[in-house]
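Please open the model in your viewer and keep the selection tool at hand. This tour goes from one selection to the next and says what can be found at each stop.

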Amino acid sequence: MLNLHYYMAQRLSAMVMGPLVLGHLAVMIYAIQGGLSSAEILSRTQGSIAWFLFYGAFVVAVSIHAAIGLRVILHETTGLRGRLLEIFTWGVGIVLLFMGARAVSAVTML
Amino acid sequence: MEVSVWRGSGDQGAYETFSVPAQDNQTVLDVVSWIQQTVDPSLTYRYACRVGMCGSCAMMVNGQPRWTCRTHVKRVLADGKLQIGPLRNLPVIKDLAADMDPFFDKWVKAGGVHKPSRSRAEPIQEVSPEEPGRVVANTAIECINCAVCYASCDTVAGNPDYLGPAALQRAWTLYNDVKVEDRQAVLDTVTGPGGCTNCHSQGSCTRFCPNELDPLSAIAGLKRAAARSFLKGRG
């Protein structure tokens, strides 16, 4: 149930996610070393275009990657296909994108 | 030894147990033949050459797909028992004879037919054995269409539209064949919804291929070629 477009979208989104995951882990470890509080973290991320782009790209890549991955799992375990499978794929992608965008805007917007 | 053999047709059936005398040198096909010739002539199974060339006699032996004419009982016997069933991932015609139609239909669907680039009137194209594409193509030409890889593939089990390792390996052979002119057409045929992009690279095909071919690498080659063609804007 993966045509070439879905396949490439999943691979390319994985390539984007790879360095972002490492960056995210590095930032988490760095942030807790000096005992930064939530307020101190937010004061650095809010209004920052760099953090907006970093986590914005992360959310877009995750939405694409997870939606296609779940599509394959659902098809191979339940046999679901056709329009319902398309609705599921796009639905998961849109929900993840919406939730992620909400979180990113809360953390990076002023 | 105790041998349980699948009896039935379609989705219906059960294992029937037979007691078969053990020999020093005995293949799984010998066991099945002994049951059919001495105990129950109605037992249905398929074989032809008995020397590992025709690809007719593949069955599930103790849960794993095997070419039964070249599989010695000693190598697969578990606690003195043998369980023999029809090939996995294919419909059952009767007893141990699986319906090979879906397997061969997919072979055709994957473009497994050679489409010549020259006509009868033109001189025969010289093919150098050292040419890199020919060397890659050569690695897969000993496929005997036994469907062992198809039966071992968990992706086929979960996704009935998936073309499967044998058909995709054939497409990879054609892709590398210097006599094939339209390589993009080969890629287009195997990158649809049931194509090479569905492979999870679990590698059972390569693990179980009785001729020690490597469909896993062939499919990986197709994926790389398809990705390159996509990035060049031809996907």
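**Stop 1: the annotated spans of chain A**

Begin by selecting residues 12-32 of chain A, a span that is 100% helix and 0% strand, with its end C-alpha atoms 31 Å apart. Helices (H or I, at least four residues) and strands (E, at least two) are here DSSP runs, numbered from the N terminus. What you see is a predicted model, in which local features need pLDDT of at least 70 and side-chain atom pairs count only at pLDDT 80 or more, while totals for chains, interfaces and linings use all residues. Residues are numbered from 1 along each chain as its sequence is written, and chains are lettered from A and ligands numbered from 1 in the order in which they are written.

In an unreviewed entry, UniProt lists residues 12-32, 52-72 and 84-104 of chain A under "transmembrane region"; its positions are given in the numbering used here, feature names are shortened, and annotations may be inferred rather than shown by experiment. Select residues 84-104 of chain A next, and you will find a span that is 100% helix and 0% strand, with 30 Å between its end C-alpha atoms.

**Stop 2: helices packing in chain A**

Now show helix α1 (residues 4-33) of chain A together with α3(A), which pack at an angle of about 135° with their axes 8 Å apart. The axes are lines fitted to C-alpha atoms, for helices over the stretch in contact, and angles run from 0 to 180 degrees between N-to-C directions. α1(A) and α3(A) are therefore oblique to each other, given that angles under 35 degrees count as roughly parallel, over 145 as roughly antiparallel, 65 to 115 as roughly perpendicular and the rest as oblique. α1(A) passes α3(A) in a left-handed crossing; a crossing is left-handed if the near helix is turned anticlockwise from the far one by less than a right angle, and right-handed if clockwise. By class, the contact of α1(A) with α3(A) has 13 nonpolar, six polar and no charged residues. Here two residues are in contact if their C-beta atoms, placed from the backbone, lie within 7 Å; Ala, Val, Leu, Ile, Met, Phe, Trp, Tyr, Cys and Pro count as nonpolar, Asp, Glu, Lys and Arg as charged, and the others, Gly among them, as polar.

Is helix α2 (residues 38-45) of chain A buried or in the open? Of its eight residues the number buried is zero, so α2(A) lies largely in the open. A residue is buried if 20 or more other C-beta atoms lie within 10 Å of its own, exposed if 12 or fewer, and partly exposed in between. After α2(A) comes G47(A), whose phi is positive, near 85°.

**Stop 3: chain B**

Turn to chain B, whose secondary structure comes to ten helices and seven strands. Of the 235 residues in chain B, 41% are buried.

Select helix α7 (residues 165-176) and helix α10 (residues 215-231) of chain B, which pack at an angle of about 60° with their axes 8 Å apart. That makes α7(B) oblique to α10(B), and α7(B) passes α10(B) in a left-handed crossing.

Within α10 of chain B, pick A218(B), which is buried, with 29 other C-beta atoms within 10 Å. Not counting residues up to four places away in sequence, A218(B) touches A140(B), L168(B), Q169(B) and W172(B).

**Stop 4: a loop, and the other chain**

Go to R50(B), in the loop between α1 (28-38) and β3 (58-61) of chain B. Its phi is near 70°, a positive value in a residue other than glycine. Most residues other than glycine have a negative phi. With 16 C-beta neighbours inside 10 Å, R50(B) counts as partly exposed.

Finally, display both chains: eleven residues of chain B are in contact with ten residues of chain A. α10(B) gives the most to the side of chain B that touches chain A, with three residues.
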